[in-house]
Amino acid sequence: MTAQPLVRLDKPDVGDAFLSVRDLRVHFPTADGLVKGVDGLSFDVRRGEIMGIVGESGSGKSVTSQAILGLHKGSQARITGEIWLDGHELVGASEEQMRSLRGDKMAMIFQDPLSSMHPFYRVGAQIAEAYLVHNKVSKAVAKKRTIEMLDRVGIPNPDKRFSDYPHQFSGGMRQRAMIAMALVCDPKLLIADEPTTALDVTVQAQILDLMKDLQREFNSAIILITHDLGVVAETCDHVVVMYGGQCVETGSVNDLFYEPEMPYAWGLLTSMPRMDRTRQERLQPIPGQPPSLIRVPKGCVFNPRCGFTEHVPGRLCYTDRPDLLPTSGGSAGHAVRCHIEPDERRRLWTGDIQPTL
Amino acid sequence: MSTAFRPDGAADTPLTPADDTDALLRVNNLTKHFPIKQGILIQRQIGAVKAVDGVSFAVRAGETLGLVGESGCGKSTTGRVVTKLLDPTAGEIYFDGQDIAKLKRSQMRSLRTDIQMIFQDPYSSLNPRHTIGTIVGAPFRIQKTKTDKGVKAEVQSLMERVGLNPEHYNRYPHEFSGGQRQRIGIARAIALRPKLIVCDEPVSALDVSIQAQVVNLLEDLQNEFGLTYIFVAHDLSVVRHIADRVAVMYLGKVMELAPRDTLYSTPMHPYTHSLMSAVPVPDPKKEGRRERILLIGDLPSPINPPPGCVFHTRCPKYRAVLSETDRERCRTEIPLLEAKAPEQFVACHFPEARADIASGEDAGIAGNESSDVGSESGTGATAL
């Protein structure tokens, strides 16, 4: 029923990473020019870990998750680089091979559950379908498993709600149903693309708690895409900060909040109004706008908005794109893409930025 | 607990929020029900969506009142009724001493120079077929306001004031980003120097780094033009920054109304407690220690709100703490919005000030180290 996925023998050493993205580039040719949605992204995710991808609109975070799921295949997008999922290489895989992996090894939860579920089919039927595609069982067994999952995600009266349509569920319940659909085949990788942005804060708290519980129970790897740093602090173990299609800083969640070294990360932390600190008289926004992905700024992609370019000799920020290099501050996986000297960066953080928070 | 708080010697302290007679805007028992009709030839009303159900508050000149709550609480509808975009079903709206609730549209027109609105969605609130010049210049034309140097010069100076390039006068909305479109909406709202602006979630649709720019702009304009804001939002962190006083709404009613610092440091209503504890704090170590109050279940329908206190079906105190006689009271008696502490109005039969919820360490309260409800490894959630 499904094609056997290709297992390459020449795969690089990814260690114990379940998902390994290597130099991913996703470019879209358009009438206005080449849109560089993602331009050289690499990261690893292990089982049992929650990796947060943080970025604003146009940073490339959703394009990345769609590339992992192979949703760009068949479109005009030009994808280069490698994505290794448990021994399978995804960029070169065919649509057939991707279909066998989706739902089974990896699944996705989308931002808006109302538009992600088919309005004409009952919720239970949609979830059971996901199970039946990957498992040769009877419909009755699939129904039983679906009701189990609905119960597991906290939907009351799951046997009755099985026959409801998506519009009969509230926003929070619909998102839970989406989580049930994503988890019904026990995927080892779950990608959640802004799963709580459209939900109220009290419902968000319930959903995030549920995701953490399920992750502990199934030992899944989770990629959580969000722009909300509070959500990152609450749920993630590691973070990738994306800007203009590139990763500009990555590390553990403590690295990002207590020892960030990239001016964009500083800007994100200082521009947020916070409930847990003394109220500031005036917010400190990052000046300017997110960059155009067609006319990407030459040199460092953040240079038009960076207030620290004078700490770099010459015009390096405007001519050379910095590499993502490991830094000694913080955890072992902490890496930063910036031309400023690491010691200078740490000095700026502890001396100038952190006291203002 | 059931008598309103009366501070010594302060006979003129308001006991209910609408008692503030000096306020620019005073709303008393405002109600907006949307009828549900059934029938083919003859439509009968079979019920109503009680979107706003007896809301009272006052806004003083020059201050910002934050109106917070989750979806379906009625905050946006309240904003629209105050600006008379929707007609109220009942209640009074005193603007500058005059009751505008029953004024007809033609009578309201002249008041529109004084009451304006900024909308949430920068994409649908601007006419895509009009240039910026037309959009921002429309208030002058509609109100037939005289200008010194002509409408175009006024519009360009407004554009500059909100941070737009005046040379873009002839551009269309689709040529601007979301943050810039929101600035156009702001320019349009301040064009006639209104007294009161209702901001309906003005930054929710914007990126985090742009939100801060727009919030700063709104504050600057408030200081420069002496504006009064009603700031409707669901983001508690943004409201904490910009508001002077905050009203928390739930299912069409105000649950708590207090000065900002009081509300964020010692909230008294159980709903405010759970709302504050649900906001994730961007600090991993603090997040791991925090106590979370999770609400069980879904929001009841505003067509059929629960009897007595509308919050009792989800109230953590009702579920876990109160005795049966107390619960009976919550089920049958609607709590009035009364002063339970100086300037702090709470609609609850059993309010309790709690200081450790939103900003434990900042308020100088000893942190939650001792109440180790699931520390670093746990979720720290107390589902009551």
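Reader: Where does Glu343(B) lie in chain B?

Author: Keep in mind that this is a predicted model. Glu343(B) sits in the loop that links strand 12 (338-341) to strand 13 (344-346) of chain B. Its phi is positive, about 65°, although Glu343(B) is not a glycine. For background, most non-glycine residues have a negative phi.

Reader: What makes Glu343(B) count as partly exposed?

Author: Glu343(B) has 15 C-beta neighbours inside 10 Å. Buried takes 20 or more and exposed takes 12 or fewer, so with 15 Glu343(B) is called partly exposed.

Reader: Why is helix 11 of chain A called oblique to helix 6 of chain B?

Author: Helix 11 (residues 263-271) of chain A packs on helix 6 (residues 208-225) of chain B at about 45°, with the axes 9 Å apart. Roughly parallel needs an angle under 35 degrees, and roughly perpendicular starts at 65, so the pair is oblique. The crossing is left-handed.

Reader: Which residues meet there?

Author: From helix 11 of chain A come Gly267(A), Leu268(A) and Ser271(A), and from helix 6 of chain B come Val208(B), Ser209(B) and Ala212(B). The contact divides into three nonpolar, three polar and no charged residues.

Notes: Residues are numbered from 1 along each chain as its sequence is written. Chains are lettered from A and ligands numbered from 1 in the order in which they are written. This is a predicted model: local features need pLDDT of at least 70, side-chain atom pairs count only at pLDDT 80 or more; totals for chains, interfaces and linings use all residues. Helices (H or I, at least four residues) and strands (E, at least two) are DSSP runs, numbered from the N terminus. Axes are lines fitted to C-alpha atoms, for helices over the stretch in contact, and angles run from 0 to 180 degrees between N-to-C directions. Angles under 35 degrees count as roughly parallel, over 145 as roughly antiparallel, 65 to 115 as roughly perpendicular and the rest as oblique. A crossing is left-handed if the near helix is turned anticlockwise from the far one by less than a right angle, and right-handed if clockwise. Two residues are in contact if their C-beta atoms, placed from the backbone, lie within 7 Å. Ala, Val, Leu, Ile, Met, Phe, Trp, Tyr, Cys and Pro count as nonpolar, Asp, Glu, Lys and Arg as charged, and the others, Gly among them, as polar.
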